[in-house]
Amino acid sequence: MRSRDLDFRDRARRTSQWGLALLGVATLLWAWCAVLLLTPYEVDRKPDDKYPAECEARLLTDRSTANQGTARGSWCQGERDWPEALAILGLSLPVSIAGVALFTTGTVSRRMSAHSQAMRELDRLAETADA
């Protein structure tokens with residue numbers, strides 16, 4: 001195998017690894033969003049509060065404490081906001097698209113290089129068989 005082929009495969013492998021790293025970052029962003037939306041939380045009514053207000057999960061609340069809490073005097077409404085979770089999801093979208101593109105490009109490049117090498121070897125074997 002020529003050194004150009006090895007360099008090409010090494011670059012393709014690095015591209016795939018960058019894609020996997022970006023997909024890992026996107027996974028962490030999705031997990032962070034899930035934690036914000038699916039876990040219950042506590043809110044301090046004043047600094048160093050010994051008995052903080054307990055709030056239901058933002059997405060799974062039945063009593064609307066997270067969404068309409070200000071009108072009812074609840075402390076939970078302003079603590080975990082929807083724009084924060086949506087911003088995290090919005091940030092994960094370009095990261096995951098770039099990760100998929102890089103991973104796919106690197107993987108296809110490596111496979112095409114391996115296919116090209118196999119075809120050259122087959123051509124070489126056919127030439128030696130004809131001679």
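Predicted model: local features only at pLDDT ≥ 70, side-chain atom pairs only at ≥ 80, totals over all residues.
1. The volume of the largest cavity is about 40 Å³.

2. Lining of the cavity. The residues that line the largest cavity are Leu-36, Leu-37, Arg-58, Arg-80, Asp-81, Trp-82 and Ala-85. Two elements, helix 1 (3–38) and helix 2 (82–130), each contribute two or more residues to this lining. By class, the lining comprises 4 nonpolar and 3 charged residues, with no polar ones. Leu-37 and Trp-82, both in the lining, are taken up separately below.

3. Leu-37. This residue belongs to helix 1. Is Leu-37 buried or exposed? Its relative accessibility is 13%, and because the limit for burial is under 20%, Leu-37 counts as buried. Beyond its neighbours within four places in sequence, Leu-37 is in contact with Ala-57, Arg-58, Leu-59, Leu-60, Trp-82 and Ala-85. For Leu-60, the C-alpha to C-alpha distance from Leu-37 is 7.9 Å, at a sequence separation of 23 residues.

4. Trp-82. The residue is placed in helix 2, and the range given for that helix is 82–130. With a relative accessible area of 29%, Trp-82 is partly exposed, since this value falls between the limits of 20% and 50%.

5. Helix 2. This helix contains 49 residues, and its first and last C-alpha atoms are 71 Å apart, close to the 72 Å expected at 1.5 Å a residue. Which residues of helix 2 are buried? They are Ala-85, Ile-88, Ser-92, Val-95, Ser-96, Gly-99, Gly-106, Thr-107, Ser-109, Ser-113 and Gln-117. An α-helix has 3.6 residues a turn, so residues three or four places apart point the same way.

6. Arg-13 is located in helix 1. Its relative accessibility of 34% lies between the 20% and 50% limits, so Arg-13 counts as partly exposed. Between the C-alpha atoms of Arg-13 and Arg-110 the distance is 7.1 Å, at a separation of 97 residues along the chain.

7. Overall architecture. The protein chain is made up of 2 helices and 2 strands, which follow one another from the N terminus in the order α-β-β-α. Among contacts with a separation of 6 or more, 57% join residues 24 or more positions apart.

8. Burial and surface. The protein chain has 131 residues, 27% of which count as buried. Its accessible surface is about 9400 Å², with carbon and sulfur atoms accounting for 61%.

Definitions and conventions. Residues numbered from 1 in each chain as written. Heavy atoms only, no water. Helix = DSSP H or I, 4+ residues; strand = E, 2+ residues; numbered from the N terminus. Buried < 20%, exposed > 50% of the residue type's maximum accessible area, 1.4 Å probe, protein only. Contact = heavy atoms within 4.5 Å. Areas by Shrake-Rupley, 256 points an atom, 1.4 Å probe, with all protein chains shown as cover. 1 Å grid on protein atoms, 1.4 Å probe; cavity = no way out; pocket = protein on both sides within 12 Å on 5 of 7 lines; lining within 4 Å. Points joined across faces, edges and corners; volume = space filled by probe spheres on them. Nonpolar A, V, L, I, M, F, W, Y, C, P; charged D, E, K, R; others polar. Expected span 1.5 Å × (residues − 1).
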